[in-house]
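Dear colleague,

Please find below the structure that I am handing over to you, together with its sequence. My notes on what was found in it follow.

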Amino acid sequence: MSPDPLDRPDPRDWHELPDLAGRQLGGSVLWANDEFFAEKENLLKPGSAAFTPHNFGHKGQTYDGWETRRRREPGQDEAIIRLGASGQVRGVVVDTAWFKGNAPAHVTVQALALPGYPSVPDLLASEDWETIVPKSAVEPDSVNRFDVPEPQRQSRRTHIKLIIHPDGGVARFRAHGLAIPDPAFVSAGHVDLAAAENGGLIVGCSNRFYSHPQQLLLPGKAQVMGDGWETARRRDEANDWVRVRLGGEGKPRWAEIDTSCFLGNAPGAASLTGFTAAGDEIALLPRVELRPDTCHRFALPADAPAVEEARLDVYPDGGLARLRLWGEFTPSALERIRTSWGDHG
C-alpha cells in the first residue's frame with residue numbers, strides 16, 4: 001500500500017488525536033438493536049460517565065451509558081455510529097465505567113465509508129463493513145483501549161459498528177484519528193484551514209492544565225469555559241503558546257481568536273506565526289491586545305506565502321474558546337486531500 005498522503009511524522013499517541021465520533025464534531029448513534037436499560041445516545045456524550053448508586057427507575061438501576069437486556073439466545077448486540085468527521089481511525093476506546101457486573105465479555109469494532117447520508121437500512125445491508133478491532137476481551141469498569149492495526153488505519157471511514165458479545169453495557173465510545181475533509185467542500189472557497197473537521201490538529205502547546213487544546217479547533221461556539229483551552233497561571237516571565245498543523249498547506253486570510261466565556265482569565269494579548277513547508281517563520285499577526293469574552297477577527301497579510309503550521313502565542317497566559325484560520329488550501333494540498341478521500345477523478 002502506498003504511504004498515506006496526509007500522514008506526516010507525528011510521534012504523539014493516538015489518544016491525543018481528535019475523537020472523530022464525538023458529539024462536539026457532530027457524531028451520532030444512528031441505531032442499536034437493543035437499548036432496553038440505557039439509551040444508545042449516551043455512548044458519545046462528552047466527559048466521563050456519572051453514576052448515582054441506588055438510583056432506580058422502572059427498568060432497574062439507571063446507567064449513564066448504553067445497556068442492553070440479558071440475552072437468552074445466541075448472538076450479540078450492536079450499535080451503528082456516524083462519525084462527526086470522516087477520517088482515518090487510529091484507535092478506539094470502549095469505556096465500561098460503572099458497568100461492573102454487567103459489562104460485555106468481548107467487543108468487535110467494524111467500519112466502512114459510504115458517500116452521502118446513507119439510511120440505517122442501507123448501512124445494515126452493506127457488505128463493505130471491515131473489522132478494525134477483532135473480537136477482543138474487555139474489562140468491567142475500565143477504559144479499554146484498542147489500536148487499529150495497519151493497513152486498516154489508513155482507510156477513510158464514515159461509520160462505525162460497535163458489537164458487544166453477548167450483551168451488557170458500555171458507558172462511552174471514542175474513535176480517535178485524523179479527519180479528512182470532503183475535497184468538494186474545501187475546494188469551493190474560503191474554509192477554516194485549522195478546523196478539526198478539515199484535518200487541523202494541535203501538535204504542541206506550552207500548558208494544558210485545565211483543558212485540552214484540541215478543543216480550540218472544534219466546530220461551533222463554546223458554551224462554557226471548559227469547552228476551550230485554558231492554561232495555569234504563570235508565575236514567570238514567559239508566555240503560553242499552542243501550535244496547529246493545518247489540514248494541509250494553505251494561505252490563511254483571516255484569523256478568529258475567540259475568548260468567549262473567558263471573563264476574568266482571558267489572555268491580555270496574542271500573536272500569530274506561520275511556518276512554511278521549508279520551516280521558515282512568517283509573521284502573520286503582530287502582538288495585539290485581546291478583550292475578555294470577545295470573538296476577535298484580524299485580517300492577515302495578503303502577500304504572505306502558504307504555510308503548513310501556525311503558532312498562536314498568548315500573553316502571558318489564560319484561556320481561549322476557539323481559533324479559526326480562514327483561507328484557501330493550495331492546489332497541492334487539495335490533491336493530497338482528494339487522494340486520501342478516495343477521489344481519483
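Two residues are said to be in contact when they have heavy atoms within 4.5 Å. On that basis, among the contacts in the protein chain between residues at least 6 apart in sequence, 79% join residues at least 24 apart.

Before the details, two remarks on conventions. This is a predicted model, in which local features need pLDDT of at least 70 and side-chain atom pairs count only at pLDDT 80 or more, while totals for chains, interfaces and linings use all residues. Residues are numbered from 1 along each chain as its sequence is written, and side-chain values use heavy atoms, with hydrogens and water left out.

Overall form. The protein chain contains three helices and 21 strands; these are DSSP runs, numbered from the N terminus, with helices being H or I of at least four residues and strands E of at least two. The radius of gyration, taken over C-alpha atoms, is compared with a globule rule of 2.2 Å times the number of residues to the power 0.38. For 345 residues a compact globule would have a value near 20 Å, and the 21 Å of the protein chain agrees with this. Along the principal axes, the C-alpha atoms fill a box of roughly 65 × 50 × 30 Å.

Burial. Of the 345 residues, 54% are buried (under 20% relative accessible area; exposed is over 50% and partly exposed in between, with a 1.4 Å probe and protein chains only).

Domains. The assignment, which is automatic or from a database, gives domain 1 (14–179) and domain 2 (183–332). Their C-alpha centres lie 31 Å apart, and eight residues of domain 1 are in contact with 12 residues of domain 2.

Backbone features. The peptide bond from Glu-150 to Pro-151 is cis, with omega near -5°; Pro-151 sits in the loop between strand S8 (143–147) and strand S9 (156–165). A cis peptide bond also runs from Tyr-315 to Pro-316, with omega near -10°, and Pro-316 belongs to the loop between strand S19 (307–315) and strand S20 (319–320).

Cys-261, a residue other than glycine, has a positive phi near 80°. It lies in the loop between strand S15 (240–258) and strand S16 (269–275). With a relative accessible area of 23%, Cys-261 is partly exposed. Asp-293 likewise has a positive phi, near 50°, and is placed in the loop between strand S17 (281–289) and strand S18 (295–299). Its relative accessibility of 42% makes Asp-293 partly exposed.

With kind regards
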